[in-house]
Amino acid sequence: MTDTPTPPDLTPTPGQTVGPFYGYALPFEHDNELVPPGSARAVQLTGTVYDGAGDPVPDAILEIWQPDEHGAVPRETGSLRRNGFTFTGFGRAAVDPEGEFSFSTVDPGPTQAGKAPFISVVIFARGLLNRLFTRIYLPEDTAALTADPLLSSLDDDERSRLIATRGADGSLHFDIRLQGEEETPFLRFPSHED
């Protein structure tokens, strides 16, 4: 019997600046359409990404991950090949030169009764060593919003920066501020190193 060698310590390498070198490889057809625009269940999600000085960021990419309108977390494959019928819960959008983004999606349902529904957001932008994580909460269920553990851990001003506004047409609007006085609250996960 031979001794098994001890595996080496696999320390993660430090993050690298995210962009803007991703232009040709990441966009794909209908990447920001989780459902076809104009379909009965479609909701438009829009916003602008701002830097610390309040100027629009012209070269960010956002990814969203969410449950469907019934709160079911999709297990379907095919995020890179949209067929207009399969809801995968994933979308990606590059901002335009004015920092604006748009998704065609659905209102996410709560994953458990009484839980506040939300959309998970990942932001990639120039100058970021690592991607940023945040959430977009729907504004309607105030009892669920009040009971949400993340929102409850924030002061009122920070809390309000994670709740989208609803337009008269049913659309959602959510701006992201990367730094500054009105900075969007970002999440840190154990595997997400600085």
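How many helices and strands are there in the protein? There are 3 helices and 9 strands. Helices (H or I, at least four residues) and strands (E, at least two) are DSSP runs, numbered from the N terminus. Along the sequence, these elements follow the pattern β-β-β-β-β-β-α-α-α-β-β-β.

The model is predicted: local features need pLDDT of at least 70, and side-chain atom pairs count only at pLDDT 80 or more, while totals for chains, interfaces and linings use all residues. Residues are numbered from 1 along each chain as its sequence is written, and side-chain values use heavy atoms, with hydrogens and water left out.

**The protein overall**

The protein has 194 residues, of which 39% count as buried. Buried means under 20% relative accessible area, exposed means over 50%, and partly exposed lies in between (1.4 Å probe, protein chains only). The protein exposes about 11,500 Å², and carbon and sulfur atoms supply 53% of this area. Accessible areas come from the Shrake-Rupley method with a 1.4 Å probe; for residues, only the protein chains shown count as cover. A contact means heavy atoms within 4.5 Å. Among contacts between residues at least 6 apart in sequence, 69% join residues at least 24 apart.

Strand E2 covers residues 61-65 and pairs with E3 in the antiparallel sense over 5 bridges. Two strands pair if DSSP finds at least two bridges between them. Within this pairing, Leu62 stands opposite Ala93 in E3, and Ile64 has Gly91 in E3 as its bridge partner. E2 also pairs with strand E5 (residues 118-124), again in the antiparallel sense and over 5 bridges. There, Glu63 stands opposite Val122 in E5.

Of the 5 residues of E2, 4 are buried, so E2 is largely enclosed by the rest of the structure. Strand E3 (residues 90-94) is also largely enclosed by the rest of the structure, because 4 of its 5 residues are buried.

**Ser104**

Ser104 is in strand E4 (residues 100-105). Is Ser104 buried or exposed? Ser104 counts as buried because its relative accessibility is 7%.

**Salt bridges**

The structure holds 7 salt bridges. A salt bridge is a side-chain nitrogen of Lys or Arg within 4 Å of a carboxyl oxygen of Asp or Glu.

| Glu140 | Arg166 | 2.8 Å |

The side chains of Glu140 and Arg166 meet in a salt bridge. This pair links distant parts of the chain, 26 residues apart: Glu140 is in the loop between strand E6 (132-137) and helix H1 (142-147), and Arg166 is in strand E7 (residues 165-166). Glu140 counts as partly exposed, at 45% relative accessibility, and Arg166 counts as partly exposed at 27%. Asp107, Glu140 and Arg166 are linked in a network of salt bridges.

Glu182 lies in the segment after strand E9 (176-177) and Arg161 in the loop between helix H3 (156-160) and E7, so the pair ties together parts that are 21 residues apart in sequence. Arg161 is buried, with a relative accessible area of 16%. Asp157 is partly exposed at 39%, and Glu182 counts as partly exposed at 37% relative accessibility.

**The largest pocket**

About 350 Å³ of space lies in the largest pocket. Of the 22 residues that line the largest pocket, Pro67, Thr111, Ala116, Phe118 and Arg135 are the closest to its centre. E5, H1 and helix H2 (149-152) each supply at least two residues of the lining. On a 1 Å grid over the protein atoms alone, a pocket is an open set of points where a 1.4 Å probe fits, with protein on both sides within 12 Å along at least five of seven lines; lining residues have an atom within 4 Å of a point. Grid points are joined across faces, edges and corners, and a volume is the space filled by probe spheres set on the points.
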